[in-house]
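Student: Could we go through this model together, and could you set each value against the definition behind it?

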Amino acid sequence: MQLIVRKEYLNELIELYGTPDIKVITGIRRSGKSVLLQEFVSYLQSLEEAVNIVMINLQELEFDHLLEYHALHKYILDQYKEGMTNVLLIDEVQLCPQFELAINSIYTKGIYDIYITGSNAFLLSSDLATLFTGRTMEIKVYPFSFVEYLTYYGITDRYDEAFDQYVRTGGMPGAYVYKTEDRQYNYVRDVHSTILIRDLVEKYKIRNKSEFTNISEFMMDNIGNLLSPNNISKTLKNDQSEITRKTVSKYIGYLENAFLFYEAKRYDLKGKKYLANNSKYYLCDTSFRYAVNGTRNMDFGRVYENIVYLELRRRGYEVYVGKLYKKEVDFVAKKREAQIYIQVSDNISDEKTFEREYSPLLAIRDAYPKMIIARTHHETYDYKGVQVVDICRWLRE
């Protein structure tokens, strides 16, 4: 498998090197966390200083004896070297039950610079404060962006064709080693199955696997639609399911914990407040939708919306769904003092479609930038103060 250096994530780790925080690398299974850790090890090895690197991958058989936290703790202490910078890196740390007891003990001693990775709820940012006694810094890893996709395949022209393929194939790097789309989808489907069954059904002791799977597939089919546990429950009940709103809410939380879905809450632009009812949910990678639910309904508009949402998160924005009276703005993207309003569309060549996209933006009276991202195949242009950008060009910026 070809490897590429994911510079943005690597630079985050380099920037945090030597800080007292526990560095926690999170993200969905097979999104490249292990490779990122290896890239960071290569960086450490290139430094002109005495660095003792203790690298533990709990998925590898040679570390099988460390799947007990006392053994893990003793091994780490035994590897410590006086007079050197000691760096501890543990991949898939959650495979060791009660790993946090070992990590906290090592952290308290102040003898290691600590980096850990994980794929599930044990390492959610909301849980880090309760897991660890020390301060944590989360590095969120996503599947490949379009730019990383281009880099992987060495594509330097015919970007529109490449974008069309990226929309179908997605950004799960492990799928790229397969030559055909069918085999790539088989790989992604297997990842999805592993997440649902091994990571979630077993961890949370879910009794009704088919109900849980149905909710995941329903959410995949409805990316970009306003959803709530209540309306999902009602829809599934119409399909002869007896699932309750409370159970649906719990299952959605599990799917988020595994980084399979991300929630975009609604934000009232007039009242300047967040709304509790109804959210939108986006997949960590659109390939899951096509691999699991099939390609009969490509629904490019929703898929483009999902791709833009993920790219905004990669670029460090908090992303919300905007509400202004009865109108909706696809995304309100915030980063410190910056804010952008964004509409996403498949095709705006039709005048009515174009009007539907720009009218909510023109109704917003503040001076923050406004943008329509669509499949225009043209250079960026301005319409009444709204930037109209081709999605393929925007992703390459």
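Student: Why is Lys-384 called exposed?

Tutor: This is a predicted model, in which local features need pLDDT of at least 70 and side-chain atom pairs count only at pLDDT 80 or more, while totals for chains, interfaces and linings use all residues. Residues are numbered from 1 along each chain as its sequence is written, and side-chain values use heavy atoms, with hydrogens and water left out. Lys-384 has a relative accessible area of 58%, and exposed means over 50%, buried under 20% and partly exposed in between (1.4 Å probe, protein chains only), so Lys-384 is exposed.

Student: What makes the phi of Lys-384 worth noting?

Tutor: Most residues other than glycine have a negative phi. Lys-384 is not a glycine, yet its phi is positive, about 50 degrees, and Lys-384 lies in the loop between β13 (381-383) and β14 (386-390), strands being DSSP runs of E of at least two residues, numbered from the N terminus.

Student: Why is the pair Asp-199 and Arg-29 called a salt bridge?

Tutor: The term requires a side-chain nitrogen of Lys or Arg within 4 Å of a carboxyl oxygen of Asp or Glu; the closest N and O atoms of Asp-199 and Arg-29 are 2.7 Å apart, so the pair qualifies as a salt bridge.

Student: What is the count of salt bridges between domain 1 and domain 2?

Tutor: Between domain 1 and domain 2 the count is 1 salt bridge; the bounds, 7-140 for domain 1 and 146-395 for domain 2, come from an automatic or database domain assignment.

Definitions and conventions. Helix = DSSP H or I, 4+ residues; strand = E, 2+ residues; numbered from the N terminus.
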